[in-house]
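Biologist: Before we talk, could you put the model on the screen, so that we can go through its backbone, its helix and its pockets in turn?

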Amino acid sequence: MDLREITGDWDYRTLPANVVLGERCFIERKASFKRFRSIRDPGLSFGSGVIVYTWAEFNVEPQGSISVGDDCVLVGPIFMCAERIGVGRRVVISYHVTIADSDFHPQARAARREDALANAPGGDLRLRPRVESRPVIIDDDAWIGIGARVGAGAVVTRDVPDGATVLGNPARSATAENVP
């Protein structure tokens with residue numbers, strides 16, 4: 001392995017043409033983009049001063065797009081994007097955080113089987129059933145710590161205690177009574 005590919009000293013011009021970098025971006029690991037498949041333009045855009053450290057992954061489906069605002073620090077989140085993920089300005093996201101706009105499989109039982117067959121070796125991806133997704137928006141100045149657990153659709157309006165799982169709008173700590 002070429003050490004430059006894991007130290008940020010690689011040629012960013014080798015990124016797909018639909019990845020837009022703002023000024024002063026630092027991307028530590030070239031392999032962060034190995035599952036970037038977006039055909040949108042842009043499929044991924046970074047504002048100025050964005051820092052992307054080693055463990056970050058950008059898994060972007062063909063119709064997906066991600067935007068990351070100025071001065072963000074991505075310590076190692078995994079982005080799984082079918083449609084749209086937007087990250088505001090000055091956001092810090094730690095490792096062991098996965099941000100997904102879809103669960104990437106159909107909800108209906110029969111459709112899940114069709115999806116598994118279409119995705120299997122030798123399957124035909126054109127036969128894959130439609131998968132639901134909803135945009136994810138993270139506002140300016142958010143900080144998402146290690147292993148954060150925020151339920152789908154939750155609106156976080158204040159600090160969340162360490163180790164908590166939050167659900168709802170506004171988000172509140174999950175308990176046995178309010179976990180679906």
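Modeller: Helices (H or I, at least four residues) and strands (E, at least two) are DSSP runs, numbered from the N terminus. This is a predicted model, in which local features need pLDDT of at least 70 and side-chain atom pairs count only at pLDDT 80 or more, while totals for chains, interfaces and linings use all residues. Residues are numbered from 1 along each chain as its sequence is written, and side-chain values use heavy atoms, with hydrogens and water left out.

Biologist: Arg24 has a positive phi although it is not a glycine; is Arg24 buried or exposed?

Modeller: Most residues other than glycine have a negative phi. Arg24, with a phi of about 60°, sits in the loop between strand E1 (19–21) and E2. Buried means under 20% relative accessible area, exposed over 50%, and partly exposed in between (1.4 Å probe, protein chains only). With a relative accessible area of 58%, Arg24 is exposed.

Biologist: In which loop is Pro42 found?

Modeller: Most peptide bonds are trans. The bond from Asp41 to Pro42, however, is cis, with omega near 0°. Pro42 is found in the loop between strand E2 (26–27) and strand E3 (44–46).

Biologist: Which residues of helix H1 are exposed on the side away from its buried residues?

Modeller: Helix H1 covers residues 109–119, and its buried residues are Ala111, Asp115 and Ala118. They cover an arc of only 65° around the axis, taken from the directions from the helix axis to the C-beta atoms, which puts them on the same side of H1. An α-helix has 3.6 residues a turn, so residues three or four places apart point the same way. On the other side of H1, the exposed residues are Arg109, Ala110 and Arg113.

Biologist: Which residues lie closest to the centre of the largest pocket?

Modeller: On a 1 Å grid over the protein atoms alone, a pocket is an open set of points where a 1.4 Å probe fits, with protein on both sides within 12 Å along at least five of seven lines, and lining residues have an atom within 4 Å of a point. Grid points are joined across faces, edges and corners, and the volume, the space filled by probe spheres set on the points, is about 1400 Å³ for the largest pocket. Of the 39 residues that line the largest pocket, the closest to its centre are Ile144, Ala148, Val150, Val156 and Val166.
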